[in-house]
Amino acid sequence: MNIKKILFLFLVAATVLVSGCVSEEPQYKSFSDGKLNFTYPASWETLDPAGAQGAFKKEVGISKDVIVYLGNSTSELAVAEVSAGAGYYLKDPETVRKEMASNEGVVSSSIIKVAGRNAAMVKATDSTTQTVFVYLKLNRTSGYAFMYSGPKNDATFDSILETVKLE
């Protein structure tokens, strides 16, 4: 073999070895509680759920327990499991949408699809930040509520909602 051919084969082998050793950091992490699954940016940290408990309105007979609180320096997402106590029932998404639509700062309220189900989405903004609330009713006594806060016009939360799956 001539030296050029050996050098060429060496370079090809080195390129293959180097490309095999380069690992990319994952762009997303996953959350699952056994019933609800979604992905979120890998750069986000898990925060203390107690810090987000106050973000959810208290209602008689209804509990909203934060199951995960995630975020980074610019965005936060809290997810609460919503459940009705004995003798109480959860509101449908349209009722929740209508009730929240007139709150101060609300710029839009709509019914969207999350995991193939109707969900209420209400957005409020100020000059730099958006706060988005999504309510997903599973049945008469259980559901989920999502509260997201992040930069205005950022699509991160929309991307997260697209990955939501229910088991």
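Student: In E10, which residue is the bridge partner of Asn37?

Tutor: That's Lys165. Before going on: this is a predicted model, where local features need pLDDT of at least 70, side-chain atom pairs count only at pLDDT 80 or more, and totals for chains, interfaces and linings use all residues. Residues are numbered from 1 along each chain as its sequence is written, and side-chain values use heavy atoms, with hydrogens and water left out.

Student: What makes E2 and E10 a pair?

Tutor: Two strands pair if DSSP finds at least two bridges between them. Strand E2 (residues 36-41) and E10 have 2 bridges, in the antiparallel sense, so they pair. A strand here is a DSSP run of E, at least two residues, numbered from the N terminus.

Student: Why are E1 and E10 called edge strands?

Tutor: The open sheet runs E1-E2-E10, and strand E1 (28-32) and strand E10 (165-166) each pair on one side only.

Student: Why does Asn37 count as buried?

Tutor: Buried means under 20% relative accessible area, exposed over 50%, partly exposed in between (1.4 Å probe, protein chains only). Asn37 has 16% relative accessibility, so it counts as buried.

Key: Helices (H or I, at least four residues) and strands (E, at least two) are DSSP runs, numbered from the N terminus.
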